[in-house]
Amino acid sequence: MASQPSSSYPILCASFNQDASYLAIGTRLGFQLFEADTGRLCYQRDIGAFSIVEMRFCSSLLAIVGAGEQPVLSPRRLCLFNTTTGTALQELNFLTSVLAVRLNKSRLVVILQDKTFIYDIDSLAILSTLDTVPNSKGLCAFSHSLDGCFLALPASTTRGSVLVYNVMELHSHCEIEAHHSPLAAMVLSMDGACLATASEQGTIIRVHSISDGTKSYSLRRGTMPSTIFSLSFGPSVQLPDILAATSSSGSLHIFMLETAVNQRNRRSSSFLGSVMPGSISDFLDPAHHHVFHNVAPEGVKSYVAIRKVEKVADSSASEAVSFRATISIIAYNGYFREYSFSINHQNETSWSLEREFNLLTAIPVVASGS
């Protein structure tokens, strides 16, 4: 989730919780929580501008940081907030602005411009402090699984290298040379097995294996430079099936990674694969890259999450499987859109806009008996 307010956007920050069942936004008025499946506004607090709002799964615990537009909401203060009682549980103060926060059931990670703090989330004891390269955008990626809990941070300001840190065991895992130019976006898969990265150039997205720090696939978004605003893996507990990206062009890009695995296996077993340079064979076939235009206004920041992935038997062909994904997009102009994307065994695709509403005009639902 971004933590840099912009006067051109009514939404200052947006995020989904760890299983994408809830979404949170911060505005200049306060923050709001929504049920992702229904769009119901389930919590709202209008107490000033917030640049960070992060949920801890489906619990009542939030990590919130003010945008600095009111003196009591300093960007240097992280508040752990209980939505049930409406009170602050604990506050952590820092010398510089908090740029990003990530959390799971065991750890709390706080990103500053040149330092990262890792806390035990129950005791709030500092477990590790990392000195990092200047990271003014608070760029990071975090996998919340306790079995593969990694944190990815920029390792250079001049090229796209990534430091991968084991958050549970508290040691550096590897460094990945992902791109020639500085990083613009990255995301870890749910189980921490894969890392996707995009540089400021925005033409190529790369997927890396965390186990050995090697590049697995290169995915060409386009030939013209564009800012990648967000990346999202599908919620698979194994190798991710799908990767989505939103960019400053207002387009949504979908890459079928499962197809890439099959493609590589076929190539490696062929004569052509044995003589083809790795830099070429690593590129995903363009036929498995799908682009949907105008999912957000051009230039407006957006945040994408692949919330659900289903594989269903294709009745039109024996032993064939169709693929269906639910993809949600929050545009920082205030709109939520949810798309259904389907692809069958013949690589025929269909997609539809299932829901669209304005997050800023939603009315909270009051629970009965309250």
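In β3, L33 is the bridge partner of A24. That pairing is a handy way into this predicted model, in which local features need pLDDT of at least 70, side-chain atom pairs count only at pLDDT 80 or more, and totals for chains, interfaces and linings use all residues. Residues are numbered from 1 along each chain as its sequence is written, and side-chain values use heavy atoms, with hydrogens and water left out.

**The first strands**

Helices (H or I, at least four residues) and strands (E, at least two) are DSSP runs, numbered from the N terminus. Two strands pair if DSSP finds at least two bridges between them. Strand β2 (residues 22-27) pairs in the antiparallel sense with strand β3 (residues 31-35) over five bridges, and a hairpin of three residues joins β2 to β3. β2 also pairs with strand β1 (residues 11-16), in the antiparallel sense and over five bridges. Here S15 stands opposite A24 in β2. The hairpin of β1 and β2 has five residues between the strands, and A20 takes a positive phi near 60° there.

How many of the six residues of β2 are buried? Five of the six are, which leaves β2 mostly covered; buried means under 20% relative accessible area, exposed over 50%, and partly exposed in between (1.4 Å probe, protein chains only).

**Nonpolar cores**

A nonpolar core is a set of buried Ala, Val, Leu, Ile, Met, Phe, Trp, Tyr and Cys residues joined through side-chain atoms within 4.5 Å. The largest has 20 residues, of which F16, L23, I25, I330 and L359 touch the most other members. The elements giving two or more residues to this core are β1, β2, β25 (302-313) and β26 (321-331), and β1 gives the most, with three. Leaving aside neighbours within four places in sequence, I330 is in contact (heavy atoms within 4.5 Å) with residues including F16, L23, I25 and L359. A second, separate core of 18 residues includes V65, L112, F117 and Y119.

**Aromatic rings**

Rings of Phe, Tyr and Trp (its six-membered ring) pair if their centres lie within 6.5 Å; planes under 30 degrees apart count as stacked, over 60 as edge-to-face and the rest as tilted. The whole structure holds 13 aromatic pairs, and two of them are set out here.

| Pair | Centre to centre | Angle between planes | Type |
|---|---|---|---|
| F34 and F357 | 6.4 Å | 45° | tilted |
| F117 and Y119 | 6.4 Å | 40° | tilted |

Because F34 lies in strand β3 and F357 in strand β28 (residues 349-358), their pair ties together parts that are 323 residues apart in sequence. F34 is buried, at 0% relative accessibility. F117 is buried too, at 13%, and Y119 counts as buried at 5%. Elsewhere, ring pairs link F31, Y43, F50 and F81 into a cluster.

**A histidine in β23**

H253 has its place in strand β23 (residues 252-256). Is H253 buried or exposed? Its relative accessible area is 3%, so H253 is buried. The side chains of H253 and H289 are joined by a polar contact of 2.9 Å; such a contact is a pair of N or O atoms within 3.5 Å, and within protein one must be able to donate a hydrogen and the other to accept it, while residues adjacent in sequence count only if both atoms are side-chain atoms. Beyond neighbours within four places in sequence, H253 is in contact with residues that include R221, L243, H289 and H290.
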